[in-house]
Amino acid sequence: MEAYKQEFIEFMVASDVLKFGDFTLKSGRKSPFFMNAGAYVTGEQLHQLGLYYAQAINDSFGLDFDVVFGPAYKGIPLAVVTAMGLHELYGKEVRYCSNRKEAKDHGADAGNLLGSDLRDGDRVVMVEDVTTSGKSIDETYPLLRAAADVDVRGLIVSLNRQEVGKGGVTTAQREVEERYGFPVASIVSMDEVRAYLTGREVGGRVVIDEALAAALDDYYAQWGAKA
């Protein structure tokens, strides 16, 4: 596993973004882990987050694109810090764009998008924290296509939960790929998280011990995806 992925896993835990315990997800599933990118709240956390996203985008899709797009609301700061990270690491200048939940009806920037305008021919990379159902993509992809004739090069998320999506067979990420025809990648997967954190101390405590490993096994026996 690449060094930046190992660092990112520890970063998620240390930032209290990736938690382990007993959680009820929006889907109603009882999960032994939960990820909340809204817990990145300091300038240094957001700076580091943008660098991790930039590295993962370069590894997964390359740098041949023009716009980073983040679905509202959590995707807005992700798009901003990722654009900054791409410039810092690679000298790559991209524009950022996000959508509004409610269209603005006044001012020079009226409409349902903020940040850069989208132009015909723009090559777009989308950024999200995690994709569990694909709902935000279902909402925002039509907005992209309506705004301009853009080419979506891919979607990058922090964590691939590797569990079944709405269809009940494959992952939510794979469902998005099949529905829209663009690739979906993640900075890390739960397989990588488990392999790295099992028996490892972060902040003076073992993150995944035997009991938690068993709980994860039980969860994935029920909700794990075939692909």
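## A tour from the H1–E1 loop

Start at aspartate 16, which sits in the loop between H1 and strand E1 (18-24). This is a predicted model. Check the backbone here: phi of aspartate 16 is near 65°, a positive value in a residue other than glycine. The side of interest is not hidden away, as aspartate 16 is partly exposed, with a relative accessible area of 42%.

**Next, select H1 and H6.** H1 covers residues 3-14 and H6 covers residues 190-197. Their axes lie 10 Å apart and cross at an angle of about 85°. That makes H1 roughly perpendicular to H6, since angles of 65 to 115 degrees count as such. Show the side chains. From H1, select Lys5, Gln6, Ile9, Glu10, Met12 and Val13. They meet Glu192, Val193, Tyr196 and Leu197 in H6. By class, the residues of this contact are six nonpolar, one polar and three charged.

**Move to the largest nonpolar core.** It has 46 residues. Those with the most contacts inside it are Phe8, Leu18, Phe20, Phe33, Val193 and Leu197. Val193 and Leu197 also belong to the H1–H6 contact. Now centre on phenylalanine 20. What does it touch, leaving out residues up to four places away in sequence? The list is Pro32, Phe33, Val193, Leu197, Val207, Ile208 and Leu212.

**Then find the second core.** This separate core has 18 residues. Leu113, Leu118, Leu144 and Val184 are among them. In soluble globular proteins, nonpolar side chains tend to be buried together.

**Go to the loop between strand E3 (67-70) and H3.** Tyrosine 73 is found here. Select it with alanine 72: the peptide bond joining the two is cis, with omega about 0°.

**Follow the chain into H3.** This helix spans residues 75-90, 16 residues in total. From first C-alpha to last, H3 reaches 22 Å, close to the 22 Å expected at 1.5 Å a residue. Which H3 residues are buried? Colour Gly75, Ile76, Leu78, Ala79, Val81, Thr82, Ala83, Gly85 and Leu86. After H3 comes glycine 91, with a positive phi near 65°.

**Finish at glutamine 162.** Look in the loop between strand E7 (151-160) and helix H5 (172-180). Phi of glutamine 162 is positive, about 60°, although the residue is not a glycine. Is glutamine 162 buried or partly exposed? At 21% relative accessibility, it counts as partly exposed, because buried means under 20%.

Notes
Residues are numbered from 1 along each chain as its sequence is written. This is a predicted model: local features need pLDDT of at least 70, side-chain atom pairs count only at pLDDT 80 or more; totals for chains, interfaces and linings use all residues. Side-chain values use heavy atoms; hydrogens and water are left out. Axes are lines fitted to C-alpha atoms, for helices over the stretch in contact, and angles run from 0 to 180 degrees between N-to-C directions. Helices (H or I, at least four residues) and strands (E, at least two) are DSSP runs, numbered from the N terminus. Angles under 35 degrees count as roughly parallel, over 145 as roughly antiparallel, 65 to 115 as roughly perpendicular and the rest as oblique. Contact means heavy atoms within 4.5 Å. Ala, Val, Leu, Ile, Met, Phe, Trp, Tyr, Cys and Pro count as nonpolar, Asp, Glu, Lys and Arg as charged, and the others, Gly among them, as polar. The expected span of a helix is 1.5 Å times one less than its number of residues. Buried means under 20% relative accessible area, exposed over 50%, partly exposed in between (1.4 Å probe, protein chains only). A nonpolar core is a set of buried Ala, Val, Leu, Ile, Met, Phe, Trp, Tyr and Cys residues joined through side-chain atoms within 4.5 Å.
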